[in-house]
Amino acid sequence: RPCYHTNNLVSNTALQQQWVEMIDTGFREDALMRDAFKHYAAGADLPFCLFYKDLMRIFPSAKVVLSVRDTPEQV
C-alpha cells in the first residue's frame, strides 16, 4: 500500500474534506480515521506531524518516527 503524503492532500479535494471532518470532530471518531487511511501503509509530513498524538491513540500499534527541528529563533 502507498504512503499518504502532503501531495495526496494538495491534489485531492475529497481527502481535504476528510481532514476537515476529522478536525471538526476533534479526532474522536476513530472509525472516521481508520476509514480515511485504510488504503495507505504509512503517512508522512503534513498533516500527520500536526496530529501525531491523535494518530498514535487511534493506531496504537503503528510505528512512529517524529523528527523535531530547531525553530528559526533557536538557530
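**A close look at Thr 6 and its surroundings**

Modeller: Apart from neighbours within four places in sequence, Thr 6 is in contact with Ala 44, Asp 45 and Leu 46; contact here means heavy atoms within 4.5 Å. The model is a predicted one, in which local features need pLDDT of at least 70 and side-chain atom pairs count only at pLDDT 80 or more, while totals for chains, interfaces and linings use all residues. Residues are numbered from 1 along each chain as its sequence is written, and side-chain values use heavy atoms, with hydrogens and water left out.

Thr 6 belongs to helix α1, which covers residues 6–10. Helices (H or I, at least four residues) and strands (E, at least two) are DSSP runs, numbered from the N terminus. Thr 6 counts as buried because its relative accessibility is 17%. The cut-offs are these: buried means under 20% relative accessible area, exposed means over 50%, and partly exposed lies in between, with a 1.4 Å probe and protein chains only.

The side chain of Thr 6 also makes a polar contact, at 3.3 Å, with the side chain of Asp 45. A polar contact is a pair of N or O atoms within 3.5 Å; within protein, one atom must be able to donate a hydrogen and the other to accept it, and residues adjacent in sequence count only if both atoms are side-chain atoms.

Asp 45, the partner in that polar contact, lies in the loop between β2 and α4. Asp 45 is partly exposed because its relative accessible area is 44%. Although Asp 45 is not a glycine, it has a positive phi of about 65°. Leu 46, which is in contact with Thr 6, is joined to Pro 47 by a cis peptide bond, with omega about 0°. Pro 47 is found in the loop between β2 (42–43) and α4 (52–58).

Thr 25 is found in the loop between α2 (13–24) and α3 (30–36). With a relative accessible area of 17%, Thr 25 is buried. The side chain of Thr 25 reaches the backbone oxygen of Met 22 at 3.0 Å.

Ile 23 lies in helix α2 and is partly exposed, with a relative accessible area of 42%. Ile 23 and Phe 51 are 28 residues apart in sequence, and their C-alpha atoms are 9.3 Å apart in space.

Arg 34, in helix α3, is partly exposed at 41% relative accessibility. Not counting residues up to four places away in sequence, Arg 34 touches Ile 58 and Phe 59. The side chain of Arg 34 reaches the backbone oxygen of Ile 58 at 2.8 Å. Asp 30 also lies in helix α3, and is partly exposed at a relative accessible area of 27%. Leaving aside neighbours within four places in sequence, Asp 30 is in contact with Arg 57 and Ile 58. The C-alpha atoms of Asp 30 and Phe 59 are 29 residues apart along the chain and separated by 9.0 Å.

The count of salt bridges comes to 1, a salt bridge being a side-chain nitrogen of Lys or Arg within 4 Å of a carboxyl oxygen of Asp or Glu. The side chains of Lys 38 and Asp 35 meet in a salt bridge at 2.9 Å, N to O. Lys 38 is partly exposed at 44% relative accessibility, and Asp 35 is partly exposed at 39%.

Finally, the whole chain. There are 4 helices and 2 strands, which follow the pattern β-α-α-α-β-α along the sequence. Along its principal axes the C-alpha trace spans about 40 × 30 × 25 Å. Of the 75 residues, 23% count as buried. Among contacts with a separation of 6 or more, 63% are between residues 24 or more positions apart.
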